[in-house]
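Subject: Structure handover

Hello,

Here is the structure for your files. My notes on it come after the files.

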Amino acid sequence: MRLAFVTSNPGKVEEAKKYLEPLGIEVYQLRFEYPEIQADTLEEVAEYGVMWLAERIKEPFFLDDSGLFVDALRGFPGVYSAYVYRTLGYQGILKLLEGETNRRAHFKSVIACWVGELHLFTGTVEGEITTEPRGRFGFGFDPVFKPHGFDKTFAEMTTEEKNRISHRGRALEAFAQWLRENL
Ligand code: IMP
């Protein structure tokens, strides 16, 4: 079976391959711009994107929508993470949290798959926002996110280390499990 991953991020495709190729699924990147609506949850954003794409793409596909949710900011940037990263960067988050002692945050990822019907898979990872950036791997908010139980930020971990515990890794794991049971 071939499954298109609708994304502009080749790094995400590499991650997905690690989970899905062992099942005999060929994952390939499909660059296809789709509308990301303003909504309260990642699930709504992902679902709208999939339904819009389902009218335009004939083969089975999936996409991923993720975000960083900071407790002291009542979940901000959340569904606005991509925009906030583009405009303020992780430095903006550090600035907003200056002097704040509650640094808890989580990443969440929603994978939405279209195989003639819609299926959603989610994954989260709890952690905290550091007071300064550390590490040079990864992307986005990785340098300022330290998962619980680890001394390193995501940006100080190898891709394999990060995948094992990350929100996207967990969502991909749930997706792979479903594929194993339903293919
Ligand atoms: P999207 O799912 O590509 O729209 O991701 C939204 C934004 O969340 C990205 O631009 C990143 O800034 C941030 N983000 C999502 N996943 C990660 C991650 O694994 N590490 C760091 N930042 C992430």
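Predicted model: local features only at pLDDT ≥ 70, side-chain atom pairs only at ≥ 80, totals over all residues.

Residues are numbered from 1 along each chain as its sequence is written, and side-chain values use heavy atoms, with hydrogens and water left out.

Overall fold

The protein has 6 helices and 6 strands, where helices (H or I, at least four residues) and strands (E, at least two) are DSSP runs numbered from the N terminus. Their order along the sequence is β-α-β-α-β-α-α-β-β-β-α-α. The radius of gyration is 16 Å, close to the 16 Å from the globule rule for 183 residues, so the protein is as compact as a globular protein of that length. That radius is taken over C-alpha atoms, and the rule is 2.2 Å times the number of residues to the power 0.38. Along the principal axes, the C-alpha atoms fill a box of roughly 50 × 35 × 25 Å.

Of the 183 residues, 48% are buried; buried means under 20% relative accessible area, exposed over 50%, and partly exposed in between (1.4 Å probe, protein chains only). Among contacts with a separation of 6 or more, 56% are between residues 24 or more positions apart, a contact being heavy atoms within 4.5 Å.

Core

The largest nonpolar core has 18 residues, and those with the most contacts inside it are Leu3, Leu20, Val27, Phe62, Ile111, Phe175 and Leu179. Such a core is a set of buried Ala, Val, Leu, Ile, Met, Phe, Trp, Tyr and Cys residues joined through side-chain atoms within 4.5 Å. At least two of its residues come from each of strand E1 (2-6), helix H1 (10-20), strand E4 (104-114) and helix H6 (167-182). H6 gives the most, with 6 residues. Leaving aside neighbours within four places in sequence, Val27 is in contact with Leu3, Phe5, Val13, Ala16, Lys17, Leu20, Glu21 and Phe62.

Local sites

Glu15 lies in helix H1 and is buried, with a relative accessible area of 6%. Not counting residues up to four places away in sequence, Glu15 touches Asn163, Arg168 and Leu172.

In helix H4 (residues 89-96), the buried residues are Gly89, Tyr90, Gly92, Ile93 and Leu94. Their cover includes strand E3 (61-70), helix H3 (81-87) and strand E5 (118-129).

Regards
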